[in-house]
2 protein chains.
Amino acid sequence: MARNQPVAADANAPPITRILAKFVANHPSRGWSDAVDHEAHRTFLNWVGCAVGAARHESAVAALGAVRMLQPPAQSSILGRSDRVDMASAALVNGITSHTFDFDDTHLKTVIHPAGPVASGLLALAEVTGASGRELIDALVLGVDVECRIGNMMYPDHYDRGWHITGSTGTLGGAAACARLLKLDEQHTAWALGIAASQPIGMREQFGTMTKPFHPGGAARAGLMSALLAKNGFTASPKAIEAPRGYAQVVSTKCDWNEITDALGQRFEISFNTYKPFACGIVIHPAIDAASQLRARGVKAEDVERVELKVHPLVLELTGKKEPQDGLHGKFSVYHGFALGLLFGRAGETEYTDEIVRREDVVVLRRKVVATPDESIREASADVTVILGNGRKEHVFVEHAIGSLEKPMSDADLEGKFHGLADPVIGKAKADALIAACWKIGGAKDVRALCEGARP
Amino acid sequence: MARNQPVAADANAPPITRILAKFVANHPSRGWSDAVDHEAHRTFLNWVGCAVGAARHESAVAALGAVRMLQPPAQSSILGRSDRVDMASAALVNGITSHTFDFDDTHLKTVIHPAGPVASGLLALAEVTGASGRELIDALVLGVDVECRIGNMMYPDHYDRGWHITGSTGTLGGAAACARLLKLDEQHTAWALGIAASQPIGMREQFGTMTKPFHPGGAARAGLMSALLAKNGFTASPKAIEAPRGYAQVVSTKCDWNEITDALGQRFEISFNTYKPFACGIVIHPAIDAASQLRARGVKAEDVERVELKVHPLVLELTGKKEPQDGLHGKFSVYHGFALGLLFGRAGETEYTDEIVRREDVVVLRRKVVATPDESIREASADVTVILGNGRKEHVFVEHAIGSLEKPMSDADLEGKFHGLADPVIGKAKADALIAACWKIGGAKDVRALCEGARP
């Protein structure tokens, strides 16, 4: 009965909430190509590796401390730890850890990190319900599709406005996935989406704090709880997403409804998921890739006299730190990134420690890098010439770095990344077994053995 | 490292997050007038009554069904039920029930319903920590102040845009209150506010569904969890509320920073809280009040020939249903409202049942009401002339209805309302004891006896 001013809004939106609910509830199991299904497994494996890798991080410890105050029952596992907590809290914590290193996956068109908000609720729920691995993968594909299509609908306006799009679309993706896993019908799925639509999470101002990874964690928990509420008959508006005072029009000035409906059930957004090979900003990746290629050709750090690195000006603007002092600084140094690539052939979380940033050979090598901004080089590219002691030159041009959509990480690359994350937490042998379990999850009777295998 | 477009935003906001954190952490216990402290007790009592009253509603049952799936420990009470669940879930469910009848409290300047998001987390937390009643009331005053000042800062733009302002500001009020109850210092309180700032809840499209009362419930849970996370060292941006890509500028085009700082610690927004006497839209209240006054003068329904009711046109636009068919319809009928006032002298939730809406004497009386729209009458007023069988006329003009800021409900009125809500759930004797416990809560050793007293 409060004031009822008109909003400048589209009252003629198509029934998005109902369309998505129908899709999520009714699309057939494995109703997509083998390539899509394989990408779902890659998405899952990469997510597990990231979560295990950050399981001992102080964010995880702080979040678990809060969760422990709820005296949670041992329902669902925290990946990479022996802790088990209630499923909503497990969704929260695994969502946090999987994004803690900013090293997870990216749907480049929207900069959404798709897996965290979707997989975190799903695995926690599947561990309780005993759902099959097939059901988990089906729900993952559909949840990521809902999340990224909603992102496509609103990006870039929604993101530019200040929303951390991973958390603000992730509640809907998580709700869709958990509704599917619970086998909710169309009506109950619509309620789950509707309840989630009232809970967008995340402002970009939080970048650089623990609340950034809280966003996918909070979204995972909200999505799971929305599905549980709907299952129990809790109602929401049937137009919660699209109505003039519904989710989309409240949080975005751009609402391209056709992004929801175009080729729905035919084109799956998980196909466009990418995985970071290096634990730093994406603009440094071409330089690290170039250095790794030089290393593979036999170039040795001790033979290097000078490195001529040509990159887009934005690269130096964002990551131009010449003398990084610690691990976090290192992530903002293209110089350090190049040194890592040549010295280690990799740049995972373990290469961004304070110790390595300060190591003599690393410091010496990165000081030999002369970086030049060059408008003719694209942001996704790098042009590197190494001048060696014997006067010889080696040149590499990286058009698209490893990990891009054009040059995706191979399955073996993903496994290498997984080991870099998981070995320090659960050891190499367990990591091997866990990798194998991830690849086979689509055929697994349930997810419980996999969860057990992620304990240290 | 994603695109970094500028936003049209105010980079020169004062440090709101820090200012509020300092205020919440350091303002002295009972650092306000007796009138403010009494209003806090009225706010608390009214909130308990609303929550107890809706304890058996289907929304409560559905929400509890979801919560039960988390196998919660018996930490905190659900008011009006014998259930006990983890404190975060108790905050959720009590927040839902207290707003289920739309019969709680209103900060008229912002249309925020202040108690739900703040008291629900507080009571659940206090039950676990053993906090004193004084600490609870202190935290309630401060939490409501944060919530309503943030509302003042953004209203009406934020509300007009489509946010259900109770949920979207309530997370911050709830976080502030719980941080205070946990005795967090300034830094940790700032983190609690910061984590909450990433979680605004609620779209107005949900009005008319269970997700509307979910908003204060979800806000209460988010506020409590934000405080627990902060206590455990989980960090957030120190400018989470005011930064260009922080909470306020993302969810509102109006950001009057001075609403936060003006007379902070001197003027308390809880002073401006109001309580609905009637379980229907606020625009019907003057007509019901007029009818109640006529009843008090001895006017009897059977003597009435005709009722001439003059009201602002908006009243008929919003509540012009002449022949309501059920309890919910009845809430949108000023005709029915008048009949209730004259026949019962009250219009609580129990007068809005299907049975009473269809009762013969009620139907007969409301058909005698002739309502005329009149631009000269304000929305808050009603002009009523009753023509009786003997030709006599009785006239009442209600400028401000009972329950408005100008004519607040007395403590006795609040008790009467409480009984109307609580008696059907816990019985009159227990309701009497619970009322007494609410009035005395500021001096209570802890809140546990009160929680026990709210069980059926």
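Predicted model: local features only at pLDDT ≥ 70, side-chain atom pairs only at ≥ 80, totals over all residues.
What rotation superposes chain B on chain A, and with how much shift along its axis?

## Symmetry of the two copies

The rotation is 180 degrees, with 0.0 Å of shift along the axis and an RMSD of 0.0 Å.

Residues are numbered from 1 along each chain as its sequence is written, while chains are lettered from A and ligands numbered from 1 in the order written.

## The interface

Chain B gives 60 residues to the contact, and chain A gives 60 residues. Contact here means C-beta atoms, placed from the backbone, within 7 Å. Of the interface residues of chain B, 100% are also interface residues in chain A, so the copies meet through the same surface.

Several helices of chain B each supply at least two residues to the side that touches chain A, among them H3 (58-68), H4 (87-100) and H9 (186-197). Helices are DSSP runs of H or I with at least four residues, strands are E runs of at least two, and both are numbered from the N terminus. H10(B) makes the largest share of that side, seven residues.

## A helix in chain A

Helix H6 of chain A covers residues 133-154. Its 22 residues should span 32 Å at 1.5 Å a residue, and its end C-alpha atoms are 32 Å apart, which agrees. The expected span is 1.5 Å times one less than the number of residues.

In H6(A), 20 of the 22 residues are buried, so the helix is largely enclosed by the rest of the structure. Buried means 20 or more other C-beta atoms within 10 Å of the residue's own, with C-beta atoms placed from the backbone.

## A sheet in chain B

Four strands of chain B form an open sheet in the order E6-E5-E7-E8, with mixed pairing. Strands pair if DSSP finds at least two bridges between them. E6 (369-373) and E8 (393-398) of chain B stand at the edges with a single partner strand each, so one side of each lacks a neighbour in the sheet.

Strand E7 (382-388) of chain B runs antiparallel to E8(B), joined by six bridges. B:Asp383 has B:Phe397 of E8(B) as its bridge partner.

Note on methods. Contact = placed C-beta atoms within 7 Å. Buried ≥ 20, exposed ≤ 12 C-beta atoms within 10 Å, placed from the backbone. Least-squares fit on C-alpha atoms with pLDDT ≥ 70 in both.
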